[in-house]
Amino acid sequence: MRVHTRSVLLVGILCSVLFIFSLELWPPLFSDDETKENSNSPLVDSDVSEIRLKIGSPVPDERDSKCLMHNCFDIFRCKVNENKLISVYVYPDTRFLDEERKTINKPMSQEFYELLTTIVESKYYTPDIGKACIIVPSIDTLNQKGLDLRWTARSLAELPSWSDGGKNHLLFNMLPGGAPEYNSTLDVATDKAILAGGGFATWSYRTGYDVSIPVFNPLTNRKVVLSQKRSSDWLFLSSQANMNHLFRRQLEEIERDNSGFLILKRCPDDPNNVYKRCKGSETYQYPEILQHATFCLVIRGVRLGQTTLLDALMMGCIPVVISDDYILPFSSVLDWKRGAVHVVEKEINRIPAILREISSSQIKDMRRQGKWFWERYFSSMGKIALTTMKILNDRVFRYTAWQYEDWNVPFETSSGKETATFLLPLFFPLRPYTNQGFTAVVLCYDRVDTMFKVITRIADTPSLTKIVVVWNNVKKAPPSAAKWPQLSKPVKVVKTKENKLSNRFFPYKEVETEAILAIDDDILMLTPDELEFGFQTWREFPDRLVGFPGRVHTTQNGTNRFKYESEWTNTVSMVLTGCAFHHKYFSHLFTYMMPVYIRDWVDQHMNCEDIAMNFMVSNYTGKAPIKVTRRKRFRCPECVTESLWADPSHFVERSECLNEFVRAYGQMPLQTVEFRADPLLFGEKLPTKLKLFNDVGSI
């Protein structure tokens, strides 16, 4: 008998769960490899159907290690629907009876029950196996220990839908392998089935096919007590009990030579207590102790996947992952560099130096990211299940898949509280924007006279729709309305709360156009023709920075350090945002998505906000900026002080900005090109009436 309705399925599963609870036979997923597990117990439920395995029943082929989506997944089972969602069928809770030995497999764990229930209650579920894109057997394979491997393989083979080698079937496993090999995948012949596994190694993970999931810790998750205010009594904490003795010896040597390091073990008087750790005679409560450290060790044991990873994220401790071959959970979509530190095993002795190079602002970012990862993807078996479904859904319906930001960027509301809301991906048009014009955002501190001249000059630009003056002087009020020049374009003054260079890129509500011209209050040399041409160029390339003076980065004497250059060259990798066009979405990225410590660096040094913007845009788009016209430098003969670029120390500091931002991004995102945009017929000796932009400067 098959059960095809959601309600009957849930009732059947619930009856089984309640009965098992009454007998106290629930086998949990324990916290690590050294913990004992309950013995298998029968699942007794006379109301559910049976699939009896006969002697000689077929066993699936070994796991197909070469499976990819194009050769082991039947995409034609996934019907296109209005919501662009995959349909997932879950087999009803069934008692699988082995006729040969008159025994049944271990009962369903609470964790697996929660996982199945979440899928059944989700938007992905279908009660019709004939319409299913993906099929999930209700055979609990989360923990291989105590699992009858041959029985499990034969059970899978008996499924009516397994006839095609397990295509489009999904199996969940968190603790794979067994003594003495402790393989990194489930030791069951699964043929072409997709495996959502918690212990994948680089050699066992089928990229783009399998899904790497975490090892969930139900014991600590149910008993944890979160402190209202965390502390950082220790820089680094090791609480993991199951690790190689050579690793432990190295860590204990580090502990002796460095303050702020604490290496804990199981308590000798109570070695089976998973809620305690000891250091000599001192006893610490686990996982609460993780709240009192900045960084927490996650190191491979006999299995690669460890519950310590999620425990650390849950307690707000930044994981330090030491496991060279481990595929981190959901790493196909999650950027773990944002929330964890990875150290190769041969460099364990460098842990103190590595951690002390991480700034306090970066620590704040990483802790925030880790907590967000935990709350969004890992805090329950249900969230792990739904994240797995979303990854598979994105593989099937690629054109509606989440982008990098949707998976990795926490969204902060105006109230300052973090939410788990995802941002919609940005789609720039394939054709130029209609000519709705641009908004000029003028950053001003105290140079009122030159600012008045700037806005008067740019007001003659045909496509300018509004001028927004960002008044950065918090100690002095902007000029009264009577003193402002009469212009043909509206002017709005925004007073800031702090004097920060990053204020120029804040997404002000007063900006209503797609295009923004960021311009300083001393840029008097640009003509309306040049600005209009710059805007028309931006319309063709709305995903680029479009500006006038170009700059380039170079390497220093073959080293890994970079130098900021302003000499005459044929290449450009940056444009100065003292006068540059950009899409308003990049203001949002700069303010809410760029790492906090980069903005802090800019505001503390009062420099390099233009380099930061160039880095961010190039990192996001993979494209270089566009320099327009031959103009190379901004000169301000009417300003009181000489331009900063004439000061040699200015270039030294900007070179330091380059190298600091490279460390932040983990790479050099800037793209170098030999390209400049000039107006059509610019260099031709023709009557001016034939040319559209005549007043274009030459330097």
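This is a predicted model: local features need pLDDT of at least 70, side-chain atom pairs count only at pLDDT 80 or more; totals for chains, interfaces and linings use all residues.
The torsion about the S-S bond of Cys 67 and Cys 72 is about -75 degrees, so this disulfide is left-handed.

For anyone new to the term, a disulfide is a covalent bond between the sulfur atoms of two cysteines. How many disulfides does the model have? The count comes to five. I will go through some of them.

The next pair is Cys 78 and Cys 133, with an S to S distance of 1.9 Å. Here the torsion about the S-S bond is 55 degrees, and the link is right-handed. Where do the two cysteines lie? Cys 78 is in the loop between helix H2, residues 69–72, and strand S2, residues 88–90, while Cys 133 is in the loop between helix H3, residues 110–120, and strand S5, residues 134–136, so the pair ties together parts that are 55 residues apart in sequence. Cys 78 is buried, as is Cys 133.

Then there is the disulfide of Cys 267 and Cys 278, at 2.0 Å from S to S. Its torsion about the S-S bond is about 95 degrees, so this disulfide is right-handed. This pair links distant parts of the chain: Cys 267 belongs to the loop between strand S10, residues 261–263, and strand S11, residues 276–279, and Cys 278 belongs to strand S11 itself, 11 residues apart. Are Cys 267 and Cys 278 buried or exposed? Both are buried.

Cys 444 has a relative accessible area of 1%, and buried means under 20%, so Cys 444 counts as buried. Cys 579, at 0% relative accessibility, is buried as well.

Cys 444 takes us to strand S18, which covers residues 438–444. Seven of its seven residues are buried, so strand S18 is largely enclosed by the rest of the structure. Which residues of S18 point which way? Phe 438, Ala 440, Val 442 and Cys 444 point one way, and Thr 439, Val 441 and Leu 443 point the other way. Residues on both sides are buried.

Now the neighbours of S18. Strand S19, residues 464–471, runs parallel to S18, and seven bridges join the two.

Helix H14 spans residues 584–593 and is mostly covered, with eight of its 10 residues buried. The buried ones are Tyr 585, Phe 586, Ser 587, His 588, Leu 589, Phe 590, Thr 591 and Met 593. As background, an α-helix has 3.6 residues a turn, so residues three or four places apart point the same way.

The last topic is the backbone. Most residues other than glycine have a negative phi, and most peptide bonds are trans. The following cases depart from that.

A cis peptide bond joins Ala 179 and Pro 180, with omega about -5 degrees. Pro 180 is in the loop between strand S6, residues 170–173, and strand S7, residues 194–197. Another cis bond joins Tyr 286 and Pro 287, with omega about 10 degrees. Pro 287 sits in the loop between strand S12, residues 282–285, and strand S13, residues 293–299.

For phi, Asn 168 has a positive value, near 65 degrees. Asn 168 lies in the loop between helix H4, residues 149–158, and S6. How accessible is Asn 168? Its relative accessibility is 1%, so Asn 168 counts as buried. Tyr 182 also has a positive phi, near 50 degrees, and is found in the loop between S6 and S7. With a relative accessible area of 26%, Tyr 182 is partly exposed.

That is the tour.

Methods
Residues are numbered from 1 along each chain as its sequence is written. Side-chain values use heavy atoms; hydrogens and water are left out. Buried means under 20% relative accessible area, exposed over 50%, partly exposed in between (1.4 Å probe, protein chains only). Helices (H or I, at least four residues) and strands (E, at least two) are DSSP runs, numbered from the N terminus. A disulfide is a pair of cysteine sulfur atoms within 2.5 Å. Two strands pair if DSSP finds at least two bridges between them.
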